[in-house]
Amino acid sequence: MSSLLSRFAEASFWLARYVERAENLARILDVNETFARDERGESDWLPILKLHCDEERFAGHYREAEATNVVRFYIVDESNPNSIRCLIRAARENARSIRHLISLETWAQLNIFYNWVAGLSRRNVRLSDLSRLCGRIKEGCQLHYGIATGTLYRDQIWSFYRLGTFLELCDQTTRLVDIKYHALLPRYDDVGSPVDVAQWNALLRSASAYHGYRRVYPHEMTPITVAGFILLNPRFPRSITHCANEIRRHIAELLGNTELGHVSFAPPALDALAELAAWTPTQVIGYGLHEYLDQVQLRLIELGEAIDDTFFLARYSAA
Amino acid sequence: MRPPASELFAHYDSGGFYCEMFGPPGSEPLPHTAPIRSRLARLRPSTLTRRARATDRELFNLGITFTVYSDRNAIDRVLPFDVIPRVISAADWRTIESGCIQRVTAINRFIHDVYHEQKIIRDGIVPAELVLGNANYRPEMQGLDLPFGTYVSIAGIDIVRDTDGTYRVLEDNARTPSGVSYVVENRHLMLRAFPDLADRIGIRQVSNYGMKLRDGLAEIAPAGVDQPRIVLLSPGVFNSAYFEHVFLAREMGVPLVEGRDLIVDGGLVQMKTTGGLKQVDVIYRRIDDDFLDPLRFNPESMLGVRGLFEVYREGRVMLANAVGTGVADDKALYAYMPRIIRYYMDEDAILDNVETHLCREPEGLAYTLAHMEELVVKPVGESGGYGVVVGPRATSEEIAEARQRIEANPANYISQPMVGLSVSPTLVDGGIEPRHVDLRPYVITGRQSWVLPGGLTRVALRRGSLVVNSSQGGGTKDTWVLE
């Protein structure tokens, strides 16, 4: 039977998205903690809450946006559906429903990883140890992709898994950079100062982009080159450009399946995303970094809706 | 050289019950089990134990488990597997096979009659209130014609064996009998763990069940559908039999769907796929009637498909089993099964019931009241053992109370003698002891009926226990039907 249930395609798509989201959340928490250790002294955790539109939910449970509270809120808090614990649980539930379509190793690793995350208590989450903890979370997510990539059969399940991966990755990269925007751009006179350089540096490292960046720009460290590299370098695997290319490639692969031969899928958002991915760093800064990132995020939302509609047949689901 | 003495069975004593390996108490051992006995006897108990542990591990690793829920945690448990097979001779199997086919044929004719003219009621064979007052009677089914009159596509007939070796039907499962996945998996497991034991014995194969089931389901497809799309409808991952649903969908090569994957669109049942909606022709549903269609049955159901029943009534989708088959696997109706067989087929039942006295009939009532101390008394309307009085184990007060209840409302009671279930040698703590077993053969019916040569042998692992249910310390054995 070659046709694939929409529900299974959706589960594969979201499995990838949730793991990717968890990994990037760990990166964001880590990079923000790193900012906190710079010369500026005080750290600001509000941007993270703003970024996820979580201010209200957070205020319902905690008194102030103080570092430990925010970190606990995003790692172990059961009441926060965007906490790493809840994200990995959601990933596992999606994997469970397609357990018969994925490899045994993929399921087993995710299961073990979830049990570890679920076992973390509030006391395990300390600022002094945050970097190591985020490192382990990142590693668990990366192990998942490694096993999935090495074992999943290359059929529709795989295509949807990869679509989920790159849609989420693209979105998360915009958020990671946006954090930096919130932290710095309002005080434009700091740009280029030692503090600023240290923070761009931290951002590059948090995106695993530092060494790649140094090979391309051995001497420079400016907002344009750093943002340009992370967002628009097609060889950097987390860049918008790279993700947009991969999204296009996997959609083409998907439509190449015989059972999808009659399906047409060319939403305007796909071309719009490709167009945004082709901008130059100078154009982006000229247009406004934050505004540009907004545009990318909006196109991703539209693309997600188009996938929902065409492949997951969302229109038939009960309201 | 003589083979070493049979250490394994040296101290085995079937305890006065019929033994599936050795036969009736006091007789010569059954000839058809001789080659298996001699091969087993060559194994040391420690070897047997070691290989048994390996099979347990394999079951767990393969995820052949059922799920037990406690609070928030779902625990996957292995259904205990006993490595000593239960063997059935070719001659015995012919009886079981023809008896099961006869029974399923009669059940199908009975259900057809119930949902059409109800002749059996008008002829006074079965009391009207037993049928029409049954909670599983579905008036919505009245007048609906099904291909080949097949209502029960998959049946599981629970059979026990008396002390004298007679096979008797204990229960007919005509709704959604489960357990067949264990029949097939147990065989695979056995052949891997004991290739030497099964070699050249001549055991009939069970691995084609999926193919046969698919064929049977394809036969009942709506008229004019050439290559029907078949799906298996499951309540989902949280159902304790989910492993079996996955297994059967795989064996048949059909999609495993849940209610939310199906919709009714354009008067047809459609499946949501990445390539758009695809028409579904036959649904092997593993959910109860009540949950099938919130529009028609339980409106709270989240498991079903809105509007499914209307499409079914119009004959544009088929369900296996049909809606309303529960009217035939009721405990009260069971007592009438020999008469139902005679009525529709003009034959005596090949497989006996457990002798049942109907207190609604004067002779049955008189016999029951005169033999309360020997009989098991059951209220017909209850399930799960509620209200059952086991004469030989009851106090005189309990018997007196039961007598009053029966006299007040005789129609609500039946009585049966206690059945001494047959035993089978079973590996326990390094030794071999008799344990009680039953048997559930599976019957697939499309155009005609076919019985899987094998079946689920459940074994009560607790010494002396007659309860074979997995929830109460039961396990399973591989069932070998000889050629």
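This is a predicted model: local features need pLDDT of at least 70, side-chain atom pairs count only at pLDDT 80 or more; totals for chains, interfaces and linings use all residues.
**Entry 1: a helix pair in chain A**

I started with helix H5 (residues 84-97) and helix H6 (residues 104-118) of chain A, which pack at an angle of about 155°. Their axes are 9 Å apart. Angles over 145 degrees count as roughly antiparallel, and H5(A) and H6(A) are therefore roughly antiparallel to each other. I noted the crossing of H5(A) and H6(A) as left-handed.

I then listed who meets whom. From H5(A) the contact takes A:Ile84, A:Arg85, A:Ile88, A:Arg89, A:Ala91, A:Arg92 and A:Ala95. On the side of H6(A) I found A:Thr106, A:Trp107, A:Leu110, A:Asn111, A:Phe113, A:Tyr114, A:Val117 and A:Ala118. Sorted by type, the residues of this contact of H5(A) with H6(A) are 10 nonpolar, 2 polar and 3 charged.

**Entry 2: chain A against chain B**

Next I looked at where the two chains touch. Chain A puts 17 residues into the contact, and chain B puts in 17 residues. Which elements give two or more residues to the side of chain A that touches chain B? They are helix H1 (6-36) and H5 of chain A. H1(A) gives the most to that side, with 3 residues. By type, the side of chain A that touches chain B holds 9 nonpolar, 5 polar and 3 charged residues.

**Entry 3: a parallel sheet in chain B**

I traced an open sheet of 4 strands in chain B, in the order S7-S6-S11-S12, with parallel pairing. Strand S6 (residues 230-233) of chain B runs parallel to S7(B), and 2 bridges join them. I picked out B:Leu232, whose bridge partner in S7(B) is B:Leu256.

Helix H8 (residues 209-219) of chain B touches S6, strand S11 (282-285) and S12 of chain B. The direction of H8(B) makes about 110° with that of S6(B). Helix H9 (residues 242-252) of chain B touches S6 and S7 of chain B, and its direction makes about 175° with that of S6(B).

**Entry 4: one residue of H9(B)**

I stayed with helix H9 of chain B to check B:Leu248, which lies in it. Is B:Leu248 buried or exposed? I counted 25 other C-beta atoms within 10 Å, so B:Leu248 is buried; 20 or more are enough for that label. Apart from neighbours within four places in sequence, B:Leu248 is in contact with B:Ser181, B:Gly210 and B:Leu232. I also took a distance to B:Ala128, 120 residues away along the chain: the C-alpha atoms of B:Leu248 and B:Ala128 are separated by 37 Å.

**Entry 5: strand S4 of chain B**

Last, I looked up strand S4 (residues 154-161) of chain B.

I followed its pairing with two strands. With strand S20 (residues 442-445) of chain B, S4(B) pairs in the antiparallel sense over 3 bridges. The bridge partner of B:Ala155 in S20(B) is B:Val443. With strand S5 (residues 167-173) of chain B, S4(B) also runs antiparallel, joined by 6 bridges. There B:Asp158 stands opposite B:Glu171 in S5(B). The hairpin of S4(B) and S5(B) has 5 residues between the strands, and in it I noted B:Gly165 with a positive phi near 95°.

Definitions and conventions. Residues are numbered from 1 along each chain as its sequence is written. Chains are lettered from A and ligands numbered from 1 in the order in which they are written. Axes are lines fitted to C-alpha atoms, for helices over the stretch in contact, and angles run from 0 to 180 degrees between N-to-C directions. Angles under 35 degrees count as roughly parallel, over 145 as roughly antiparallel, 65 to 115 as roughly perpendicular and the rest as oblique. A crossing is left-handed if the near helix is turned anticlockwise from the far one by less than a right angle, and right-handed if clockwise. Two residues are in contact if their C-beta atoms, placed from the backbone, lie within 7 Å. Ala, Val, Leu, Ile, Met, Phe, Trp, Tyr, Cys and Pro count as nonpolar, Asp, Glu, Lys and Arg as charged, and the others, Gly among them, as polar. Two strands pair if DSSP finds at least two bridges between them. A residue is buried if 20 or more other C-beta atoms lie within 10 Å of its own, exposed if 12 or fewer, and partly exposed in between; C-beta atoms are placed from the backbone.
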